[in-house]
Amino acid sequence: MPNTPSRITVEPPSPTSRRARAVATAALAAALAVGATSVAAADTPVTPERVTLTPTETPATSQTITWRTAEDTDAVVQHIPASGGEATTTTGTGTGRAGGGYHHRADLAGLEPATDYRYRVGDGETWSAWYPLTTAGQAGEPFRFLSFGDVQNDITAGAAPVVRAAYEAVPDARVAVHAGDLINHADDDAEWDEWFAAQGDGAASVNHVTAIGNHEYDDWDISTVWNKQFPGAGNGPGDSDLDDTVWYTDYQGVRFVTLNSNYTNAPWFDVKDWMEDQEAWLEDVLADNPNEWTVVAFHQPVFANSEGRSGAVVRRFWLDVFEEHDVDLVLQGHDHSYGRGGLRTNETSRAGVTTGPVYVVSVTGPKMYEPTPFDWNLGGARVRTQLGDTQTYQVVSVESDLLTYEARTADGTVVDAFEIDTSGAEKVVRDR
Ligand SMILES: [Fe+2]
């Protein structure tokens, strides 16, 4: 999407703009003057909300930002190096009304790699707060990312404490991966409000890799806000039925890929086309991958982790691609329990040492199902850690030849941990 950068000088970043403070002060004065309990008026400022970072294909030098306002406004982003200097203004575009607001998008270009910026969004007069933005650095430079399972239910009371704990424990997280079912009802604006409140400043300061879940569909219709809030990197299979929900980004040595496993939500229930289109695209994306690490996220697991569920369809189309290209981490949700395992368990090696892709199912929210190894075993895999009634976030540390993973509960307890070591002749996955 073309933008028009220009350089202007602005006042230094502050938590809120001078105009926003002035408007708030005027509103308070008006309320006091008339003794009113509400000062909503025609000139109520259109303060940006739901400010969100979505990675581009090249997050070292560019950045997609989305937000919404109550009414249709101009869309403008200003960014400035955190170390100081001139601000750059980028004009964005309106992406339309959906849910309870009007959505906007801007694409920053020409950024410096591994650089701290500040940015704000608005209409040129009314602005958001200034948020931090750090561009991706070179492959091999260590960084950390978070991953979340289904948030979905009882978000504010039941799921948000886990999400907040994650951002507090990992304040340097650069990327957050979401394995679908962020909310329970695709177009329930109050649930989306709760989800963004749970993210706090994390929505605006961390790049989000968002896989879509079945609860982001209403029958066959994708949530009206999904693509406006999570537009993706725009490099998917080019199949309109997939609604731009399939894409990848290369972040500092990791190729993050998100797939759409909601084959039951295919517009005409054509499971074969839905899955095969992604299979062919995934083959290409993994065959031509210069990154040391590959992380794939989607919603319905390859090996179902709970009673009465099956990963047979996902296995039928995608499992051989993950295995042949030795994807490092496959992050999934949907089964409302925790499970971690893989196909290539080496029975002769010492306990806890395997190789090949690691498949993880996790849940962040409080809705729980009973875990079972049945479908793992049916699919020829072995589940190494399986937990019921356990809400987690995952933190992954990435270095040039070592990836370290921990699943943690809100109080910081590590309930599962392993590392993937590629420093030797053969990749090794070790329990920790
Ligand atoms: Fe689900």
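A nonpolar core is a set of buried Ala, Val, Leu, Ile, Met, Phe, Trp, Tyr and Cys residues joined through C-beta atoms within 7 Å. Keep that in mind for the first stop. The model on screen is predicted.

**Stop 1: the core**

Select Val 163, Val 177 and Val 330. Of the 100 residues in the largest nonpolar core, these three touch the most other members. Now colour helix α2, residues 155-169. The helix supplies seven residues, the largest share of this core. Next, colour domain 1 (6-134) and domain 2 (143-431) separately. Both give residues to the core, so it lies between them. In soluble globular proteins, nonpolar side chains tend to be buried together.

**Stop 2: Val 177**

Zoom in on Val 177. What is it in contact with, leaving aside neighbours within four places in sequence? Show Phe 145, Ser 147, Val 209, Phe 256, Val 295, Ala 297 and Leu 331. Keep Val 295 displayed; it returns at the next stop.

**Stop 3: strand β17**

Select residues 293-297, which form β17. Five of the five residues are buried, so the strand is largely enclosed by the rest of the structure. Look at one face: Trp 293, Val 295 and Ala 297 are there, all buried.

β16 (residues 254-258) pairs with β17 in the parallel sense over five bridges. Val 254 has Trp 293 as its bridge partner. β18 also pairs with β17 in the parallel sense, over three bridges. Here Val 295 stands opposite Leu 329.

**Stop 4: helix α7**

Select residues 312-324. This is α7, with 13 residues. From first C-alpha to last it reaches 18 Å, close to the 18 Å expected at 1.5 Å a residue. Where does α7 bend? Go to Trp 318: the bend there is about 55°. Trp 318 is also buried, as are Val 314, Arg 315, Leu 319 and Phe 322. Show α6 (271-287), β17 (293-297) and β18 (329-332): the buried residues of α7 pack against them. Then step past the helix to Asp 326, where phi is positive, near 50°.

**Stop 5: Ser 397**

Finish at strand β23, residues 393-398, and pick Ser 397. How many other C-beta atoms lie within 10 Å of Ser 397? There are 15, so Ser 397 counts as partly exposed. A residue needs 20 or more to be buried. Beyond neighbours within four places in sequence, Ser 397 is in contact with Pro 142, Arg 144 and Thr 404.

Definitions and conventions: Residues numbered from 1 in each chain as written. Predicted model: local features only at pLDDT ≥ 70, side-chain atom pairs only at ≥ 80, totals over all residues. Buried ≥ 20, exposed ≤ 12 C-beta atoms within 10 Å, placed from the backbone. Helix = DSSP H or I, 4+ residues; strand = E, 2+ residues; numbered from the N terminus. Domains from an automatic or database assignment. Contact = placed C-beta atoms within 7 Å. Expected span 1.5 Å × (residues − 1). Bend = angle between axes of the 7 residues up to and from the residue. Pairing = 2+ DSSP bridges.
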